[in-house]
Amino acid sequence: MARQHHPGVHAFRAGIAIALGAATIISPVIGVKGLIEPQHSARASVRNLPRAASVLPPVEFLAVPPDPEPAGVLPAEFHSPVPVELSPAEIEALRVKGEAVSVSQARAAMPDCTGNVVNPDAENGKLNVEDLCVLPWTATDGSEQGPRRLRGDAALALGRLNAEYAVVFGADLCVGDAYRSYEEQVQVKARKPGLAAAPGASNHGWALAVDLCGGIQDDHSEQWKWMVANAPKFGWDNPEWAREGGRGPHEPWHFEYVAEVAKQRAKRDAAAAAAEQSSPRTTHQASKRRTRG
């Protein structure tokens, strides 16, 4: 038989439920109000409470901070709008450092070449070939003349140039000729009287010049254009006299280690001037000039 409850019991239970619900709503509001204004009475009634919206402090929405800079990157405020300028001494130090790295790489590719200049005052065309450096990529190119050789410093510089050239064109520099002995220069002069220098006066005789091929012999080719734009960085160039419209024969294939060639020419000219001054004929003419003066 189901139990019968008196109507008063249901009313009592409903009253308890309503009271608990009101406490749940009112307690946080009182706590918030207490933080903002002091309570003068602990017995605050529900009807005297202000609305919750007027009691709660305004909410301030903060901007979300941006993602942090990647590791190793300075924040924007530390970036200088003006590029850092290096002093001439710092620039030179970087150049020397880069030069040292480049030379070391060339020596690694040419382990038998120290880059030293042995007997720099040797007579043109009379150099000891054992004192010269072999250009290693010419030792396996199938040429009948065998490996080509240059003076140590010129060989290392050309080796560095060759490494860069090979990256661009996918092949080593084609070297048709390099050092020539006096006797070889006599033969070349006989074959090419209008092009070859007199024996004893050729830059090939100092092991400071090369005749290139593989497209470089054509001064309208991409290879030649690249060479004249980049070879000077390594001390090599197709001299002005050998270019189209120059004062000498047109030889786009002829490249020289220009600074050292200039030194050798200066030494040759100084020696020739000294020899002329010491000759009896020159001394007699100088004496006559002094007498007239």
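**Close-up 1. Aromatic pairs in the predicted model, with Phe 169 and Trp 226 in view.** Across the whole structure, which is a predicted model, a search finds 4 aromatic pairs. In one of them, the ring centres of Phe 169 and Trp 226 lie 6.0 Å apart and the ring planes stand at 90°, so this pair is edge-to-face. Phe 169 is partly exposed, at 28% relative accessibility, whereas Trp 226 counts as buried, at 13%.

**Close-up 2. The tilted pair of Trp 236 and Tyr 257.** Trp 236 and Tyr 257 form an aromatic pair with a centre-to-centre distance of 5.5 Å and an angle of 35° between the planes, an arrangement that is classed as tilted. Trp 236 is part of strand β5 (residues 236–237) and Tyr 257 is part of strand β6 (residues 254–257), so the pair ties together parts of the chain that are 21 residues apart in sequence. Trp 236 is buried, with a relative accessible area of 0%, and Tyr 257 is also buried, with a relative accessible area of 16%.

**Close-up 3. The aromatic cluster.** Phe 169 and Trp 226, shown in the opening view, form one aromatic cluster together with Tyr 165.

Close-up 4. A search of the whole structure finds 1 cavity of 30 Å³ or more, and the space in the largest cavity amounts to about 60 Å³. The residues that line this cavity are Val 117, Val 118, Asn 119, Pro 120, Ala 122, Leu 127, Arg 151, Trp 206 and Gln 264. By residue class, the lining of the largest cavity divides into 6 nonpolar, 2 polar and 1 charged.

**Close-up 5. Asn 119, a lining residue with a positive phi.** Asn 119, one of the residues that line the largest cavity, has a phi near 55°, which is a positive value in a residue other than glycine. Asn 119 is found in the loop between α3 (88–109) and β1 (133–134), where it is partly exposed, with a relative accessible area of 49%.

**Close-up 6. Ala 207, a buried loop residue with a positive phi.** Although Ala 207 is not a glycine, its phi is positive, at about 60°. Ala 207 is found in the loop between α5 (182–191) and β4 (209–213), and this residue is buried, with a relative accessible area of 0%.

How values were computed:
Residues are numbered from 1 along each chain as its sequence is written. This is a predicted model: local features need pLDDT of at least 70, side-chain atom pairs count only at pLDDT 80 or more; totals for chains, interfaces and linings use all residues. Side-chain values use heavy atoms; hydrogens and water are left out. Helices (H or I, at least four residues) and strands (E, at least two) are DSSP runs, numbered from the N terminus. Buried means under 20% relative accessible area, exposed over 50%, partly exposed in between (1.4 Å probe, protein chains only). On a 1 Å grid over the protein atoms alone, a cavity is a set of points where a 1.4 Å probe fits but cannot get out, and a pocket is an open set with protein on both sides within 12 Å along at least five of seven lines; lining residues have an atom within 4 Å of a point. Grid points are joined across faces, edges and corners, and a volume is the space filled by probe spheres set on the points. Ala, Val, Leu, Ile, Met, Phe, Trp, Tyr, Cys and Pro count as nonpolar, Asp, Glu, Lys and Arg as charged, and the others, Gly among them, as polar. Rings of Phe, Tyr and Trp (its six-membered ring) pair if their centres lie within 6.5 Å; planes under 30 degrees apart count as stacked, over 60 as edge-to-face and the rest as tilted.
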